[in-house]
Amino acid sequence: QEYMQIRPVWGRRIEVQTTTTILYNYHKSCSVSRSIEGIVSIGATHHRDKKGVEDIKLNHQDLLDKANEIMPLKDPKIVANHVGARASSYDYFPVVGSVIDMKKTLEKFPYLIHGTHVPQNRFERYPNLWVLNGVGGRGFVLAPYIAKQLVDHIIDQKPIEPDLRSERLFLRYVKKLKKDTLNEYMANR
């Protein structure tokens, strides 16, 4: 669905073996993980464009320098390098919940493009289709929590936090549509 607009955030993270023991995760200009068997994760960089691909070519000293500003690392030795894209939404918040059928909802409520309020439970949705995406750079931290919210919603009908639901992206996208664009969208679907 066009309204989800999931796109890549490029970046890199390194794992460093060090004699420094770090008891907690720290976040400042980068993240430094707690030590696990002498290994610390440092990163990750964030790029919305192809600079992320170029990030592979950079040396790792910039991440080590940022980590040392947070917690000086003794005898660091890079043992792993991770580079790639992470799925992210436009606003960097995860997208969780049922998938709205944009065409059917706009056929039913064309005045949504003017910002008219319609209760979100009246939006047309694809039956039994759910999304959990856009966790970006915080996926390893947020994904289990968000997955539990989605499972609790599907099984026990517990609400999903409003800031995470797909409706926020749908409404933002629809409000940007103009009447001509809406008519063209409907004709091509």
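**Exercise 1. Find the strand in which G97 lies, and decide whether G97 is buried or exposed.**

Step 1. Locate the residue: G97 lies in strand β6. Keep in mind that you are working with a predicted model.

Step 2. Look at the relative accessible area, which is 4% for G97. Buried means under 20%, so G97 is buried.

Step 3. Now see what touches it. Leaving aside neighbours within four places in sequence, G97 is in contact with L129, W130, V131, L150 and I160.

Step 4. G97 and N133 are 36 residues apart along the chain, and 9.6 Å separates their C-alpha atoms.

**Exercise 2. Work out which residues of helix α5 are buried and what covers them.**

Step 1. Select helix α5, which spans residues 167–176.

Step 2. Pick out its buried residues: E167, R168, L169, F170 and V174.

Step 3. Look around them. The cover includes β6 (95–100), α3 (102–108) and β7 (125–133).

**Exercise 3. Describe the open sheet of 5 strands: what is the order, and which strands stand at the edges?**

Step 1. Follow the strands across the sheet. The order is β2-β3-β4-β1-β5, and the pairing is antiparallel.

Step 2. Find the edges. Both β2 (26–27) and β5 (77–88) have a single partner strand, so one side of each is left without a neighbour in the sheet.

Step 3. Zoom in on one pair. Strand β3 (residues 31–32) and strand β4 (residues 39–43) pair in the antiparallel sense over 2 bridges. Here V32 has I42 in β4 as its bridge partner.

Step 4. Helix α2 (residues 61–70) touches β1 (7–17), β2, β3, β4 and β5. The direction of α2 makes about 70° with that of β1.

**Exercise 4. Step back and summarise the chain: how many helices and strands does it have, and what share of its residues is buried?**

Step 1. Count the elements: there are 6 helices and 7 strands. Read from the N terminus on, they run β-β-β-β-α-α-β-β-α-β-α-α-α.

Step 2. Check burial. Of the 189 residues in the chain, 38% are buried.

Step 3. Finish with the contacts. Among those with a separation of 6 or more, 77% join residues 24 or more positions apart.

Technical notes
Residues numbered from 1 in each chain as written. Predicted model: local features only at pLDDT ≥ 70, side-chain atom pairs only at ≥ 80, totals over all residues. Heavy atoms only, no water. Buried < 20%, exposed > 50% of the residue type's maximum accessible area, 1.4 Å probe, protein only. Helix = DSSP H or I, 4+ residues; strand = E, 2+ residues; numbered from the N terminus. Contact = heavy atoms within 4.5 Å. Pairing = 2+ DSSP bridges. Axes fitted to C-alpha atoms, helices over the stretch in contact; angles between N-to-C directions.
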